[in-house]
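I opened the model to look up a few strands, a helix and the confidence values. My entries follow in the order I made them.

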Amino acid sequence: MNELAATSNEESQRVKTSSDSSWFSPRKDWFAAVATSFIFVRYFVEMTRYSRSQPLWLDEILTTWLVRLGSVASIYDGLAKGAEYSPPGLPVLLLWWSKLVGASYLSLRSPSFVGIALAAVAIFLLVRRYMDFSIATLAAVLVLCGPLHVFAQQVRPYALTVTCFTFALLLWDGLEQSGHPRWNLAGINVLLSAAITLHFYSILYLVPFAAMELLYSLSSRRFRAPVWITLAIAAASISLWIPLALRASRFNSADHGPGFYAAPTSLRFAQSLWFVLFPVDIFVSLLLLLFAGLLVYLAGIRNRKISVQPKTRRPLLWIATGCALLPLATFLFARLVSGTYNLRYILPASICTVIALCFAAESLPFRSILVPLCSIAIATHALVPRRIEPFVDNRAILQAASKPYPIVMAEGLMFFQAEEDQSLTTQERGRLEYLILPQGHALKDATNENLVIRWLGILPQLPAYPVDPYLQSRRCFYVFDSHESADDLADYLNTQTLTTTNRTFIGKGTLDEMCPSAANR
């Protein structure tokens with residue numbers, strides 16, 4: 001452990017030259033501080049507004065329903081039955097949180113948007129060790145307003161895993177300067193283990209840390225065994241959830257089909273890289289201001305001398321490299337092991353872009369003015385109030401269904417969202433049903449169908465029924481089929497002896513009135 005406490009000359013130089021003056025200079029940094037404070041306030045206002053009113057999407061509904069089961073044992077049992085494919089960390093955390101502040105949409109989503117704000121603080125502190133105050137505030141704004149802010153509004157674990165990751169980065173970077181490196185290592189272990197408790201794929205967060213540590217060892221010619229031991233212990237924490245992971249793997253395998261939404265294809269990998277590493281709004285905003293800075297420079301105004309020597313910034317480059325490796329490691333794991341890939345699993349990779357843009361922003365003259373203006377431009381793009389709108393207008397569907405027939409939602413996703421629709425009365429919600437296709441029927445994407453079946457085992461009162469006995473009842477019913485659904489149920493109903501007597505177009509779907517053919521009545 002003494003080798004961790006020993007600080008190299010290079011590291012001492014980094015601490016000494018991390019800025020030209022004090023950590024914060026009121027004369028120079030006031031504009032960046034005021035602009036960033038305003039952006040943080042605007043962020044919390046928008047997150048609060050949106051989180052309070054926006055209906056839940058499918059994955060959020062699954063987490064919320066787990067929380068409503070009311071106990072840790074019930075949550076674990078639900079996960080074991082395939083309620084969703086995650087460890088119990090988030091629903092248990094939200095269960096305890098909801099007992100303190102209630103279970104409104106705002107309270108359930110608040111840990112996520114607070115988590116992204118904390119991640120922004122962590123990256124600010126990290127970048128401030130190497131660059132001046134205004135550049136560090138830009139880093140914080142990029143975290144708040146970049147691709148991560150999309151996931152700050154969800155009852156899902158992704159934002160909190162990023163929070164754990166960023167603070168673990170901060171502790172790893174501070175190992176050489178810490179007077180108590182054991183506490184840094186303990187913190188790294190706790191944070192990475194917590195991330196794994198929130199989501200199985202967080203075990204791949206160890207890849208960036210291993211890459212960073214390897215680059216450190218190659219550069220300094222020092223091997224820090226305690227760090228590798230810490231990473232190994234964090235990786236071993238997944239053993240607590242192996243029974244759930246194995247069950248989730250079996251459930252996930254049953255969902256695979258020709259239209260599986262999370263298949264690890266090359267196209268999906270490229271799309272996720274574009275979203276995480278090359279967010280268009282950020283680049284447009286920053287490049288416009290970089291161009292303005294270039295015009296100022298060409299007009300004859302010299303750029304200020306950069307305060308930090310390049311060799312002292314190597315840890316930032318190691319961190320950026322490690323983060324950039326996460327998408328590739330995740331994609332290879334998905335192709336070779338899990339069969340499931342999604343951009344949500346690689347969100348920490350966006351930190352690579354944050355660091356790259358911070359280096360780019362250092363080329364600006366008058367950084368104390370132009371960089372805060374850049375932050376304001378980015379926030380203006382990202383924090384425009386989003387419309388509050390339901391995914392499916394269930395009220396319009398009920399109004400169009402003029403006859404007192406039940407209404408069958410033709411896709412599992414729509415059924416879950418209808419069951420969670422807080423704008424409907426219990427009686428109105430009772431008209432919305434789901435039909436389960438016969439076992440062995442080929443499905444384009446079985447994910448949502450299987451989720452309905454598994455949740456029926458957890459909540460038997462759900463109005464979901466086998467399709468063939470339902471049709472044998474010889475009654476009429478409505479079917480709402482979204483143009484964005486997989487159409488598995490609609491295709492099946494078209495093979496049956498049913499007559500469509502009326503069709504109404506509602507939003508991005510159709511409501512059909514179906515009755516048994518006259519010969520079969």
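**Strands first**

I began with strand S1 (residues 407–409), which runs parallel to S2 and is joined to it by 2 bridges. Two strands count as paired if DSSP finds at least two bridges between them. Helices (H or I, at least four residues) and strands (E, at least two) are DSSP runs, numbered from the N terminus. In this pair, isoleucine 407 stands opposite leucine 432 in S2.

I noted the ground rules. This is a predicted model, so local features need pLDDT of at least 70 and side-chain atom pairs count only at pLDDT 80 or more, while totals for chains, interfaces and linings use all residues. Residues are numbered from 1 along each chain as its sequence is written, and side-chain values use heavy atoms, with hydrogens and water left out.

**The other side of S2**

I then looked at strand S3 (residues 464–466). S3 and S2 pair in the parallel sense over 3 bridges. Here tyrosine 434 stands opposite alanine 464 in S3. I also traced a right-handed β-α-β unit made by S2, helix H22 (residues 447–458) and S3. Right-handed means that, with the strands pointing away from the viewer, the path from the first strand over the helix to the second runs clockwise.

**Is S2 buried or exposed?**

I counted 5 of the 5 residues of S2 (residues 432–436) as buried, so the strand is largely enclosed by the rest of the structure. Buried means under 20% relative accessible area, exposed over 50%, partly exposed in between (1.4 Å probe, protein chains only). In a regular strand the side chains alternate between the two faces of the sheet. I found both faces of S2 covered: Leu432, Tyr434 and Ile436 lie on one side, Glu433 and Leu435 on the other.

**Helix H9**

I checked helix H9 (residues 158–173) next. Its 16 residues reach 23 Å from first C-alpha to last, close to the 22 Å expected at 1.5 Å a residue. The expected span is 1.5 Å times one less than the number of residues. In H9, 14 of the 16 residues are buried, so this helix is largely enclosed too.

**Threonine 499**

I found threonine 499 in strand S5 (residues 498–506). Threonine 499 counts as partly exposed because its relative accessibility is 35%. Beyond four places in sequence, its contacts (heavy atoms within 4.5 Å) are Glu513, Met514, Cys515 and Ser517.

**Confidence**

Last, I looked up pLDDT, the predictor's confidence in each residue, from 0 to 100. The protein chain has a mean of 85, and 88% of its residues reach 70 or more. Over residues 5–21 the pLDDT is below 50.
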